[in-house]
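Colleague: I'd like to learn how to read a few features of a model. Could we go through one together?

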Amino acid sequence: MTDFRIRATAFSRRSVLRTGLAGAAAAAVTATLAACGSSSADSGKSDSGKSGSASGGTVEVTTARGKATAPKNPGKVAVLDISLVDTMVELGLTDSIVAVPKKNLPERLKSQFSSDKIVDTGALKEPDFDSIAQAGPDLIMIAGRSAGLYDQLTPISKNVLDFTVDPKDFLKSFTTMTEQIGAVFGKEKEAKKKIEEIDARVEDIRKKAEKLDGTTAILMVSGGKVSTYAPGSRFGGIIYDALGFKPMVESTKDAAHGDTISFEFIAEKNPARAFVVDRDAAIGDEGKGAKAVLDNDVVKRADAFKNDSVVYVDSHAWYISSTGIASLNSILDDAEKGLAAAK
């Protein structure tokens with residue numbers, strides 16, 4: 001029997017049990033399909049009548065793990081990352097999705113996936129493996145927070161694609177991953193158009209941002225604490241590297257979570273403008289909002305706050321789904337607000 005256990009440091013005992021059950025469910029599904037000869041791959045159709053993986057052949061794609069062979073035009077897709085759900089919707093592929101993490105969807109997408117026919121995969125880092133297996137996906141797509149689940153998902157479906165975007169080379173990586181998603185689903189033209197639109201916006205913002213005086217801070221507020229980001233980080237890869245804003249700090253110890261800083265640090269570094277991410281709002285936690293946390297006399301000594309050159313961003317787009325097409329456009333909207341605030 002395949003061992004589905006995962007490290008205790010990564011998951012709780014309850015998660016390990018759930019993962020083990022998922023493996024059993026996946027094995028049972030595989031055995032049943034093999035015995036009955038009724039899998040979507042055999043019939044070329046999914047249960048809902050969509051084209052299955054066999055009907056479209058295969059395509060070679062580039063993923064975050066290297067080259068991979070994927071089913072062409074898979075009919076049933078489990079998408080475990082919100083950025084990927086975002087991109088699938090933007091490419092007109094909503095009908096292919098049979099499973100998503102519903103709790104973490106932005107408000108603009110919830111109605112599209114409210115049907116009971118769409119499986120809720122649960123938490124981003126600790127999904128419900130049983131539900132994923134029961135959805136019988138031809139393809140599972142992962143990225144970011146779900147990327148570490150690759151080995152636990154391959155027994156459920158042999159087709160698991162990791163489309164994680166590299167923040168250290170954000171724009172190039174985003175372009176590649178979006179193109180590859182387009183290639184899997186025969187949406188190359190649509191993907192190319194979306195990429196070209198984003199490239200044009202990035203170029204326009206960059207030309208203006210590079211002319212700005214002073215530095216720009218990226219601040220994230222969570223549980224009353226403030227952290228900041230540098231080039232090459234999850235947010236800095238976009239704002240600093242791709243868009244050309246000058247960073248308040250050149251490096252941080254933690255590229256994913258940023259470095260925790262004090263109010264005095266912000267005043268000392270004196271950024272000319274700031275983008276603020278409210279993590280609690282992004283994940284649905286209650287608590288003191290980012291604006292209230294930063295509303296104090298120490299922080300107000302910094303030019304950004306003194307001159308009202310602060311953008312409280314679309315936190316869900318920045319924190320949860322930044323590498324999706326629509327979310328990236330929301331980030332570019334915020335960047336343009338930053339340019340306007342600088343004038």
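Colleague: Which strand does Thr 63 lie in?

Modeller: Thr 63 lies in strand β1, residues 58-63. Strands (E, at least two residues) and helices (H or I, at least four) are DSSP runs numbered from the N terminus. This is a predicted model, where local features need pLDDT of at least 70 and side-chain atom pairs count only at pLDDT 80 or more, while totals for chains, interfaces and linings use all residues. Residues are numbered from 1 along each chain as its sequence is written, and side-chain values use heavy atoms, with hydrogens and water left out.

Colleague: Is Thr 63 buried or exposed?

Modeller: Buried means under 20% relative accessible area, exposed over 50%, and partly exposed in between (1.4 Å probe, protein chains only). Thr 63 counts as buried because its relative accessibility is 8%.

Colleague: Which residues is Thr 63 in contact with, leaving aside neighbours within four places in sequence?

Modeller: Contact means heavy atoms within 4.5 Å. On that basis Thr 63 touches Ala 68, Leu 161, Asp 162, Phe 163 and Met 177. Met 177 is also one of the buried residues of α7.

Colleague: How many of the 15 residues of α7 are buried?

Modeller: Eleven are, so α7 is largely enclosed by the rest of the structure.

Colleague: What span should helix α7 have?

Modeller: The expected span is 1.5 Å times one less than the number of residues. For the 15 residues of α7 (170-184) that gives 21 Å, and the end C-alpha atoms are 21 Å apart, which agrees. Just after α7, Gly 186 takes a positive phi of about 65°.
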